[in-house]
Amino acid sequence: MNGLEDCVFCKIVRGELPASKVYEDDAVLAFRDIRPQAPVHVLVVPKKHVASLMDLTDEDAALAGRLFAAARAVARQEGVAESGFRFLTNTGPDSGQVVFHLHFHVMGGRRLGAMG
């Protein structure tokens, strides 16, 4: 199998693995993290396999915008848009990226500790 066939998020996008979906359109899927670090912890992924932020190309500009729009929709739907939320991605092994399919975390529902 190649990487795309083994990619857990690609399998979720294709419906081969279950996920608790909270948002979906033709380019983006958002689902609850199976190991939440906050009361609201949703992953926002492109349906197209992109390994990390560094693998986005200029041709992916519209997709990047769709990911951000989906994050806003998820924050509103999950009730954290007004109180605040964290929107982040890990890029590469040193960042802690474990699944090499671009994904953004939408986290909120409680006061989150400062970063950095």
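Setting aside neighbours within four places in sequence, Asp60 is in contact with Lys48 and Asp55. Keep in mind that this is a predicted model.

Where does Asp60 lie? In the loop between E3 and H3. Is Asp60 buried or exposed? Buried: its relative accessible area is 5%, and the cut-off for buried is under 20%.

Next, the helix that follows that loop. H3 covers residues 61–77, which makes 17 residues. At 1.5 Å a residue, H3 should span 24 Å.

Which residues of H3 are buried? They are Leu63, Leu67, Ala70, Ala71, Val74 and Ala75. Look down the axis of H3. These buried residues fall within an arc of 135 degrees, so they line one face of the helix. Now the other side of H3. There, Ala61, Ala62 and Arg76 are exposed.

What covers the buried residues of H3? The cover includes five strands: E1 (21–24), E2 (28–32), E3 (40–46), E4 (85–88) and E5 (104–108). After H3 comes Gly79, with a positive phi near 80 degrees.

Take E5. Phe104 lies in this strand. Phe104 has 6% relative accessibility, so it counts as buried. Its contacts, leaving aside neighbours within four places in sequence, are Val42, Leu43, Val44, Leu53, Leu67, Phe87, Leu88 and Thr89. Leu67 is one of the buried residues of H3. Now bring back Lys48, a contact of Asp60. Phe104 and Lys48 are 56 residues apart in sequence, and their C-alpha atoms are 14 Å apart in space.

Now E4. Phe85 is found there. How does its accessibility come out, as a relative area? Phe85 is at 32%, so it is partly exposed. Again leaving aside neighbours within four places, Phe85 is in contact with Ala75, Val80, Val106, Met107 and Gly108. Ala75 is also among the buried residues of H3. Phe85 and His41 are 44 residues apart along the chain. Their C-alpha atoms are separated by 9.6 Å.

On to the largest pocket. How much space lies in it? About 540 Å³. The lining has 23 residues, and the closest to the pocket centre are Phe9, Asp33, Arg35, Leu43 and Val99.

Which elements build the lining? Helix H2 (8–13), E2, E3 and E5 each supply at least two residues. The largest share comes from H2, with three residues. By class, the lining has 13 nonpolar, seven polar and three charged residues.

One last stop, past H2. Gly15 lies in the loop between H2 and E1. Gly15 is exposed, with a relative accessible area of 55%. The cut-off for exposed is over 50%.

To recap. The buried residues of H3 line one face of the helix, so that is the side to look at on screen. Strands E1 to E5 are included in what covers them. H2 gives the largest share of the pocket lining.

How values were computed:
Residues are numbered from 1 along each chain as its sequence is written. This is a predicted model: local features need pLDDT of at least 70, side-chain atom pairs count only at pLDDT 80 or more; totals for chains, interfaces and linings use all residues. Side-chain values use heavy atoms; hydrogens and water are left out. Helices (H or I, at least four residues) and strands (E, at least two) are DSSP runs, numbered from the N terminus. The expected span of a helix is 1.5 Å times one less than its number of residues. Buried means under 20% relative accessible area, exposed over 50%, partly exposed in between (1.4 Å probe, protein chains only). The arc is that of the directions from the helix axis to the C-beta atoms. Contact means heavy atoms within 4.5 Å. On a 1 Å grid over the protein atoms alone, a cavity is a set of points where a 1.4 Å probe fits but cannot get out, and a pocket is an open set with protein on both sides within 12 Å along at least five of seven lines; lining residues have an atom within 4 Å of a point. Grid points are joined across faces, edges and corners, and a volume is the space filled by probe spheres set on the points. Ala, Val, Leu, Ile, Met, Phe, Trp, Tyr, Cys and Pro count as nonpolar, Asp, Glu, Lys and Arg as charged, and the others, Gly among them, as polar.
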